Amino acid sequence: MNKKILSTQNITKTFGQIKALDNVDFHLYRGKIHGLLGENGAGKSSLMNVLSGIYQPEKGSIYINNQKQNSLNPDLASKLGIGMVHQEFRLVESFSIKDNLTLSKANIYIKDFEEAFNKYSKIFSLSANHDSLVSELSVGEKQKIEIMKLIFNNNKIMLLDEPTAVLTPQETNQLKISLETLSKEDEKTIVFITHKLKEIKEFTETIFVMKNGQMVAKDLKTKSVKDEELVTLMMGEVTKSAIKKDNKKGETKLKVENISLAKNVIGFNNLDGINLSIKAGEVLGIAGVSGNGQVELANIISGIYKNFEGKIIIKGQDVSEKGVKARKKLNLSYIPENRLGVGLAPGVSILDNSVVKEYFNASYGPHLSTKKMVNYLNLLVKEFSIKTAEPKAEISTLSGGNMQKLLMGRELISSPEIIIAAQPTRGLDVSAVEALHELIISQRNKGSAIMLISEDLDELFKLSDRLIVLYEGKIIKEFNINEANTNNVGLAMAGVIE
Amino acid sequence: MNNYILSKKTVVNDFATFYSFLIGLFIAIFIGSVILLIQDQNPINIFSLMIKLSVGSINSLSSSLNKAIPLILAGLGISIMNSVKLWNIGAEGQIFLGAIAVNLIYINTEIYNSTLFIIVLLISGFIGGSICILLPAITKVFFGVNEIITTLLTNYIIIGLTVYLVNGPWKDPKSLNFPAAAYVGDEVYLPTINGKLSSGFLICILFTIGAYYLKEKSVFGYEMRIAGGSAMTALYAGINAKQKTFYAMLFGGGFAGLAGAIELLSQTHRVSIGISQGFGYTAIIVAAITGMRPLGIFLVGCLFGALTIGGTVIQTIGVSSYIADIIQATTLIGALVSQFFFTYQIKEVKNG
Amino acid sequence: MADIQLMGLLNATLQAATLLFIAALGELITEKSGILNLGVEGMISVGAVTGFMTAINTENLFLSILVGVLSASIFSSIHAFVTVILKQDQTVSGLILTILGLALSSLLGKKYVGKKLMIKIESIIDIAEPSNVFEVLLNQNFIFYLAILLMITTSFVLKKTMFGRRLEAVGEDSRASDSMGLKINKTQFIATCVGGAFAGLSGVYLTLSYVPYWTDNMTSGRGWICLALVIFGGWKPYRTAIGALLFGFLEALVPRLQTYGFELSPYLVKIAPYIITIIVLIILTVYKEGKTGAPGNIGRPFFRENR
């Protein structure tokens with residue numbers, strides 16, 4: 001029986017009124033792959049942050065290698081062998097792979113770098129040369145470097161936070177094999193953190209489940225535990241509504257003809273001959289790994305990018321030469337992927353951001369009516385249950401979920417006829433995701449034509465009527481929702497056409 | 001072992017800037033006192049003398065407020081540019097070019113109506129300041145060139161131009177010891193209110209209200225804020241970020257140019273290297289301390305004007321006028337330091 | 001005869017370039033770590049006046065240089081404290097320190113205006129009118145050679161040593177560096193103080209060799225040129241040195257224009273370096289489309305998001 005290499009008892013961490021962690025007991029066995037399952041906001045990230053020394057708990061104790069740790073900070077945690085791969089990578093883009101792996105003070109492969117690099121490149125199926133710049137790598141390759149970083153820093157306990165979020169199904173499989181090799185041959189202890197049921201069953205040997213800051217199940221044997229059991233533990237009373245797909249579709253509201261963009265630096269067209277159309281009351285899902293043209297397509301349709309070839313026709317009118325204003329007039333709303341940066345302006349107040357779409361309605365000629373703006377904001381807050389403190393506070397003081405609610409509320413309150421939504425529920429907790437899904441479906445039922453761009457296949461399957469897969473800027477395959485499954489969509493996402 | 005954690009406060013006290021300023025001022029006075037003590041001066045005497053001679057009489061108060069005019073106007077310009085998140089380090093040069101523009105128009109035009117002439121000259125000053133910032137504006141908006149460096153370097157170019165003009169084409173033969181242009185005629189002197197306080201101060205008040213309205217209450221101000229936040233968001237809002245940035249910069253330059261025009265028409269009455277003694281840089285401090293708020297700029301500008309007069313006056317008893325500069329700069333450092341405590345909190349965490 | 005004049009021009013160029021280069025190199029180091037220090041002008045000034053004061057009072061050259069370098073470094077630690085520890089705005093802090101530095105040095109230097117130095121930094125071999133390149137080189141003093149040494153060392157350290165690569169990493173991406181266990185605050189603080197020390201050395205060179213006396217506003221805007229030089233040089237030591245030579249050449253040229261028979265007003269020629277800098281800056285920014293070589297993180301305070 002494997003030794004317990006780490007254990008925690010009664011860990012509690014509070015932020016203001018919210019208990020992020022509530023008397024959490026947790027443990028890890030050496031050399032095993034553990035799963036930490038829970039919805040967004042359940043406390044998984046908080047627990048990991050405590051283990052890696054970023055958060056200090058108010059209560060509770062941590063034992064590493066049977067020694068009690070009195071105050072863990074990131075440096076100490078790292079020395080004790082705990083390393084974490086976050087969802088947003090922490091690599092210096094302009095430096096080489098070698099630099100990123102060796103600059104850390106904890107690097108153990110100083111003299112035998114080549115040997116180690118070759119060994120682990122094989123395990124991870126990494127084909128890049130160690131002098132290549134990180135900026136030249138694909139997302140999947142960057143993740144491999146992030147994991148290798150942990151190995152090079154002698155982190156025997158590896159915490160991986162939602163690692164498969166950015167991978168194709170095929171890359172996910174590759175990751176599974178690499179992790180299995182690491183745990184068996186290298187005796188690395190791995191924690192796989194996710195909210196995806198399927199993956200936790202595929203990747204792990206034992207499962208821990210968290211809900212609302214509490215550890216609701218420990219050490220469940222992956223091989224024998226049932227899906228329904230896990231679902232109930234994860235979500236408790238919240239039932240995910242199944243969406244009825246009997247929606248009536250009306251006339252075509254959006255037509256996109258032959259959209260192309262010039263070749264980019266790496267050599268392929270960011271977008272190449274895109275043709276699609278969406279009818280009223282229809283949800284068209286766009287699947288694809290991030291970076292295959294989704295952002296560009298969304299920005300072109302919304303009018304932000306103007307430098308393209310092809311035609312955009314909205315409600316029968318050709319707006320290809322026109323800008324954002326023309327789209328707004330034709331009742332198109334855009335929920336961009338970059339919440340902060342495109343949808344919302346950083347460094348600007350919540351109040352200012354709330355009226356971005358229709359600020360000319362909050363003015364009397366050249367005079368800006370603060371009163372009108374406040375009324376508008378209050379309307380949004382009420383309609384969409386947004387939690388905000390002060391209107392004049394800067395926008396990033398809102399939580400991610402509330403920022404997204406504000407953004408979506410702002411765009412949807414006018415009952416738009418065409419909605420372009422890109423990654424609308426990324427990073428949000430379960431109740432926020434449910435609420436936003438309901439919003440999207442109710443807009444669909446009101447007759448909006450909706451383009452849903454998402455990396456979350458579950459979300460796409462749940463909400464879409466049709467599915468398009470983008471790969472390297474082209475539409476590689478189209479599906480009707482009843483023909484689509486994870487396998488054929490996943491293959492398409494990786495560029496394989498059957 | 002105790003750990004200290006640094007974290008940003010989510011709600012910031014609205015009066016934080018004001019309190020920080022007071023704290024900074026207090027620290028500055030303290031440090032100024034120390035410097036005076038080291039020089040065998042009595043701080044209490046010196047400071048009360050400074051106060052008495054800067055605001056103790058109508059006459060001295062008027063001088064102080066006159067000194068405040070360029071600080072306030074240039075500071076307002078800086079605060080407008082701050083709406084689009086840009087720095088105007090070039091106020092000094094813009095002040096000079098504003099004065100140069102006034103002189104240029106003056107010697108080449110004749111308008112018989114005095115008031116009209118003065119108005120035309122003031123507008124020329126404003127335009128002169130805008131022209132000064134034109135190159136930085138174009139390069140910033142179209143090419144993304146760092147405006148801190150371009151506005152800064154333009155200062156030296158314009159000051160060099162000024163030196164050239166007052167030693168060359170505009171050299172006044174009657175001014176023997178000091179290179180300067182010829183005096184402008186008294187028909188274009190800015191009228192004074194009580195014989196000392198320039199009507200330029202009224203212009204100041206007007207422009208303060210104008211800047212406040214522009215920044216806080218107008219649609220243009222809103223558009224500037226969004227443009228300064230994110231060009232993409234602005235694009236989505238239908239705001240032409242480049243245009244707003246460009247105009248904000250022209251305003252910034254224009255306000256400083258106007259300051260130069262007023263300096264010429266009310267204080268020096270001619271172009272010379274004495275048009276500005278670092279006003280453009282002090283204005284940056286004034287604007288920064290107040291968190292770029294027009295009303296605050298007005299008040300702090302007046303205070304700094306009094307400080308400068310106080311500093312000049314105590315030279316007569318042998319104390320260096322630089323004490324005023326030091327107090328001004330230290331006030332801001334002190335304000336910055338205390339602002340830290342208002343924005344962040346340090347928590348001590350014990351583990352057990 | 002022309003030869004002597006040309007050599008005289010070269011001589012002056014090297015001296016002016018040395019003055020500019022050392023402070024620029026210091027700023028390069030500071031900026032590489034992600035901190036923008038607009039206070040260079042003030043720091044050169046502080047080094048200049050304290051070095052001069054020490055020289056007048058003690059007539060000890062070594063001590064004077066030491067005092068100048070240390071004072072400027074301590075002065076720059078104010079900027080380091082405000083921007084690195086307290087995370088306040090770097091532009092504002094730097095500007096205040098320029099104003100403060102200039103005011104302080106004027107204050108301190110008041111009694112020393114017009115005083116004559118009994119010592120100065122001597123050339124390797126003092127040659128009144130060097131007639132060939134070799135003699136020009138010998139006529140420089142040790143600070144010139146020190147500058148060359150610093151240039152080579154800095155370039156080597158940045159490119160080839162762990163320490164230098166880590167410094168660059170901190171300036172490029174502080175979050176990534178933090179996750180690598182690099183000490184952001186410590187690195188930036190030290191880099192700023194080192195930059196200040198270099199500025200102090202420039203200042204000492206100014207008042208103990210280049211000029212050598214003290215008046216108000218001795219630095220006359222050279223600190224700003226140094227800032228421009230760093231950009232001109234693309235944050236690379238060797239290229240910055242080339243820029244320093246170019247600007248040194250222009251500075252040396254101004255008083256010699258008449259002898260070369262140019263009709264240009266000296267005032268207008270004095271403006272030339274600034275105009276050239278702006279043009280170069282525009283060209284660099286435009287053609288490199290933003291990839292000017294600037295450290296990725298520059299100007300942005302870093303703090304680990306702890307709650």
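Predicted model: local features only at pLDDT ≥ 70, side-chain atom pairs only at ≥ 80, totals over all residues.
How are H2(B) and H3(B) oriented to each other?

**View 1. Packing of helices H2 and H3 of chain B.** Helix H2 of chain B spans residues 43–55 and helix H3 of chain B spans residues 58–83. Their axes lie 5 Å apart and form an angle of about 90 degrees. Because angles of 65 to 115 degrees count as roughly perpendicular, H2(B) and H3(B) are therefore described as roughly perpendicular to each other. H2(B) contributes B:Leu53, B:Ser54 and B:Val55 to the contact, while H3(B) contributes B:Ser60, B:Leu61 and B:Ser64. Three of the contact residues are nonpolar and three are polar, with no charged residue.

**View 2. The largest nonpolar core.** This core comprises 352 residues, and those with the most contacts inside it are B:Leu73, B:Ala74 and C:Leu20. From chain A, at least three residues come from each of domain 1 (4–235) and domain 2 (252–493).

**View 3. Surroundings of C:Leu20.** Leaving aside residues up to four places away in sequence, C:Leu20 touches C:Arg222, C:Ile225, C:Cys226, C:Leu229, C:Ala244, C:Phe247 and C:Gly248. C:Leu20 is also one of the residues with the most contacts inside the largest nonpolar core.

**View 4. Contact between chain A and chain B.** Here 27 residues of chain A meet 24 residues of chain B. On the side of chain A that touches chain B, the elements giving two or more residues are helix H10 (324–329) and strand S18 (367–368) of chain A. This side of chain A has 14 nonpolar, ten polar and three charged residues.

Note on methods. Residues numbered from 1 in each chain as written. Chains lettered and ligands numbered in written order. Core = buried A, V, L, I, M, F, W, Y, C linked by C-beta atoms within 7 Å. Buried ≥ 20, exposed ≤ 12 C-beta atoms within 10 Å, placed from the backbone. Domains from an automatic or database assignment. Contact = placed C-beta atoms within 7 Å. Axes fitted to C-alpha atoms, helices over the stretch in contact; angles between N-to-C directions. Helix = DSSP H or I, 4+ residues; strand = E, 2+ residues; numbered from the N terminus. Parallel < 35°, antiparallel > 145°, perpendicular 65-115°, else oblique. Nonpolar A, V, L, I, M, F, W, Y, C, P; charged D, E, K, R; others polar.
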